[in-house]
Amino acid sequence: NGDIYVKLRVATGNNGNIALRDTNNDGKADVFLRFGDYPNDGKFGTEMRIHNGYLYFSSELVVYRQKLNPSKLIPDGKPEIILVDPYPIRWHNAKSLAFDNDGNMYVTFSAPTNACEDWESKSGDSNSTANVKGEFPCSQLDILGGIWKFDENKLGQLKSDGQRIATGIRSVVGISWNDEDNSLYAINHGRDFLHNHAPQFFSEWQNAVLPAEELMKIKEGDDYGWPYSYYDHFKNKKMLAPEYGGNGVKEAKGYTNPIMGLPAHWAPNDLLFYKGNQFPKKYKKGVFIAFHGSTNRVPYPQGGYIVAFIPFINEKPTNKWEIFADGFAGVDTIVNMSDAKYRPMGLSEGPDGSLYISESKKGKIWRILFNGNPETFGEKQLINMEKRKTKSYIKMPNEKTDNLSFK
């Protein structure tokens, strides 16, 4: 009916959800009701999904649901606990959710480290991280670094009640079920610090442009190779990580490749397969991605901070991404993440086919509608958006000319 539910980044207290309603049909919310009788336990609790008459949402450690009442804006009753994370709060702790059509709920349990570093192995300058080794085997992979499947209707589940369907995945925030091919998709945050950990093999420029963020089509039994490998989207290969003997040349064999590599460090935090009919035909069945934006590409400008679109043809990505929505950054050169005015975070499709975009710095939500002629919309209409790829926070930095200087 057009009501919107939002999971807030609230670390303490309760009432971590908000419901929005437009009562006068002017396209803007005029009713804002906070709710959520559950304890907030951290800012990484960002998921909110409507599924089979329930509102599912997650804090950092718990997945909840509440039954929606068609006659009320706020769900009735106290939230039911579907799943409890048994481990302490840690980095990369978002419990992102997706649902298939067979009663299953998919939950991300990301790894808290960059490359499963063994800090006892570090030698030399105590302030340097150069030549640190990785723990082998990485103990985090036994319990984290993957995606698990649970019963969407069973209350009080523990992690041990689920089935791990994929491993070797560092950090996933964006996850979605695609009804077109009845498959699970996710988008991985690639690792950082190639130069910091192995300056003899990786330059600062390589540190900024590698490795790829990975668009993945998840199949049961997949191993995407974290932390032993990373994906090089220029070579379209999995490469051996420097903490495990890699030098930028050695390939890593036997791991699952993503279906598409995307620019490094852009932090993809949501993906949405478009089902509506409001936008031109080319958008149907393709995927939108919200890039939260990088934090650590110094000495080059930070990158991302856009919503991108990837067309799908015959259930496969075209391997070319487009800018769908820009202007969130508010500045031409993002030296530090804090310079950006807004950071795209979440995506949702309205009942009329509008696209809703949330951001995490000021808590804004935009609604995007199409008011042109869908029959004549094509490459000509996208020329100006394509030109925006020359902006410093979108283009790949030039190794020789794009360095920043700091006082």
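Is Cys116 buried or exposed? Cys116 counts as buried, at 1% relative accessibility; buried means under 20% relative accessible area, exposed over 50% and partly exposed in between, with a 1.4 Å probe and protein chains only. The model is predicted, so local features need pLDDT of at least 70 and side-chain atom pairs count only at pLDDT 80 or more, while totals for chains, interfaces and linings use all residues. Residues are numbered from 1 along each chain as its sequence is written, and side-chain values use heavy atoms, with hydrogens and water left out. Helices (H or I, at least four residues) and strands (E, at least two) are DSSP runs, numbered from the N terminus.

**Disulfide**

- A search of the whole structure finds one disulfide, the term being used for a pair of cysteine sulfur atoms within 2.5 Å.
- The bond joins Cys116 to Cys138, with an S to S distance of 2.1 Å.
- Cys116 lies in the loop between β9 and β10, and Cys138 in the loop between β11 (133–134) and β12 (146–151), so the pair ties together parts that are 22 residues apart in sequence.
- The torsion about the S-S bond of Cys116 and Cys138 is about 95 degrees, so the disulfide is right-handed.
- Cys138 is buried, with a relative accessibility of 4%.

**Two buried asparagines in loops**

- Asn114 is placed in the loop between β9 (104–109) and β10 (117–118), and is buried at a relative accessible area of 8%.
- A polar atom of the Asn114 side chain lies 2.7 Å from the backbone nitrogen of Asp192; this is a polar contact, a pair of N or O atoms within 3.5 Å where, within protein, one must be able to donate a hydrogen and the other to accept it, and where residues adjacent in sequence count only if both atoms are side-chain atoms.
- Leaving aside neighbours within four places in sequence, the contacts of Asn114 (heavy atoms within 4.5 Å) are with Arg170, Arg191, Asp192, Phe193, His197 and Trp226.
- Asn40 is found in the loop between β3 (31–35) and β4 (48–51), and counts as buried at 8% relative accessibility.
- The side chain of Asn40 reaches the backbone oxygen of Asn14 at 3.2 Å.
- Not counting residues up to four places away in sequence, Asn40 touches Lys7, Val10, Ala11, Thr12, Gly13, Asn14, Asn15 and Gly16.
- Between Asn40 and Ala290, 250 residues apart along the chain, the C-alpha atoms are separated by 24 Å.

**Strand pairing**

- Five strands form an open sheet in the order β8-β9-β12-β14-β18, with mixed pairing; two strands pair if DSSP finds at least two bridges between them.
- The edge strands of this sheet are β8 (97–99) and β18 (222–223), each pairing on one side only.
- Strand β14 (residues 163–167) and β18 run parallel and are joined by two bridges; Ala166 has Asp222 in β18 as its bridge partner.
- Strand β6 (residues 62–67) and strand β7 (residues 80–84) run antiparallel, with four bridges joining them, and Tyr64 stands opposite Ile81 in β7.
- Two bridges also join β7 to strand β13 (residues 157–158), in parallel; here Leu83 stands opposite Gln157 in β13.

**Aromatic rings**

- The structure holds 32 aromatic pairs; rings of Phe, Tyr and Trp (its six-membered ring) pair if their centres lie within 6.5 Å, and planes under 30 degrees apart count as stacked, over 60 as edge-to-face and the rest as tilted.
- Phe273 and Phe312 form an edge-to-face pair, at 5.5 Å centre to centre and 85 degrees between the planes.
- This pair links distant parts of the chain, 39 residues apart: Phe273 in strand β22 (residues 268–273) and Phe312 in strand β25 (residues 312–313).
- Phe273 is buried at 6% relative accessibility, and Phe312 is buried with a relative accessible area of 11%.
- The ring centres of Phe279 and Tyr283 are 5.9 Å apart and their planes are at 70 degrees, so the pair is edge-to-face; both Phe279 and Tyr283 are buried.
- Ring pairs link Phe279 and Tyr283 into a cluster with Tyr274, Phe288, Phe309, Phe324, Phe370 and Phe377.

**Lysine over rings**

- The charged end of Lys159 sits over the ring of Phe109, 5.2 Å from its centre; the criterion is NZ of Lys or CZ of Arg within 6 Å of the ring centre and within 35 degrees of the ring normal.
- Lys159 also lies over the face of Trp148, at 3.8 Å from the ring centre.
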